[in-house]
Amino acid sequence: MRTGFYPGSFDPPTVGHSDIMRRGLKLFDRLVVGIGVHPKKAPMFDDAERISMIQEEFRRLGAGDRAQAVLFTGLTVEAARKYGAECILRGLRDGGDLNYEMQLSGMNAQLAPDIETIFVAASPQTAHITATLVRQIMSLNGDVSGFVSPGVLRAIQCRHQRS
Ligand code: ADP
């Protein structure tokens, strides 16, 4: 059984992330989305919110028991090993991603030669979407409905009503 580990911040998960998750589910028997927790970096959406938004995405994608959302701290390669993944899955949007991802995958390969990084090219319809800009638009009260799935939008709206 092949397991892929898809790490990121997912703050919040966008339709770009969902596209990579959907395609990862075709590549692997099992897909684990790892939400990286940084002790010094406060996310806009807390750990529980991001886990539940990703679970909702997996439900929407019909992933069933082939998918899991987890939190991790520390090295990505160690988290991938912990969840039994042979591969790290990453999305590539543009040249900027490529330059960074080349360094990251090279260093991860040196740290853990048994773990391969697999890149999936972003789909043209979602390649321009970044969670950072979604957060920025949200903070300016803009409409993010074109950048996140309906489940994530509901979570964002609930949060807005609370604040
Ligand atoms: P972001 O870079 O948008 O803040 P993350 O750090 O959570 O998001 O990214 C996790 C992974 O998802 C990275 O491999 C990143 O390249 C990929 N990714 C993010 N947005 C997209 C997108 N729109 N299309 C394809 N891959 C994406």
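The model is predicted, so local features need pLDDT of at least 70, side-chain atom pairs count only at pLDDT 80 or more, and totals for chains, interfaces and linings use all residues. Residues are numbered from 1 along each chain as its sequence is written, and side-chain values use heavy atoms, with hydrogens and water left out.

**Around the ligand**

- There are 19 residues around the ligand, and Y6, S9, G91, R93 and T126 come nearest; a residue is near a molecule if one of its heavy atoms lies within 4 Å of it.
- Y6 has a polar side-chain atom 2.7 Å from an oxygen atom of the ligand, and a polar contact is a pair of N or O atoms within 3.5 Å.
- S9 uses its backbone instead: one of its N or O atoms lies 2.9 Å from a ligand oxygen atom.
- For G91, a polar backbone atom is 2.6 Å from an oxygen atom of the ligand.
- On its own the ligand exposes 530 Å², and the protein buries 91% of that (areas come from the Shrake-Rupley method with a 1.4 Å probe).
- Two or more shell residues come from each of β1 (3–8), α1 (15–27), β4 (87–92), α4 (95–111) and α5 (131–139); helices (H or I, at least four residues) and strands (E, at least two) are DSSP runs, numbered from the N terminus.
- By type, the shell splits into seven nonpolar, eight polar and four charged residues (Ala, Val, Leu, Ile, Met, Phe, Trp, Tyr, Cys and Pro count as nonpolar, Asp, Glu, Lys and Arg as charged, and the others, Gly among them, as polar).

- Most residues other than glycine have a negative phi, and most peptide bonds are trans.
- The peptide bond from D11 to P12 is cis, with omega near 0 degrees, and P12 is in the loop between β1 and α1.
- F10 is in the loop between β1 and α1 and has a positive phi of about 50 degrees, though it isn't a glycine.
- F10 is buried because its relative accessible area is 1% (buried means under 20%, exposed over 50%, partly exposed in between, with a 1.4 Å probe and protein chains only).
- N141, in the loop between α5 and α6, also isn't a glycine and has a positive phi near 60 degrees; N141 counts as exposed because its relative accessible area is 60%.

- T132 belongs to helix α5 and is partly exposed, at 47% relative accessibility.
- T132 and D11 are 121 residues apart in sequence, yet 7.8 Å apart in space, C-alpha to C-alpha.

Notes:
A polar contact is a pair of N or O atoms within 3.5 Å; within protein, one must be able to donate a hydrogen and the other to accept it, and residues adjacent in sequence count only if both atoms are side-chain atoms.
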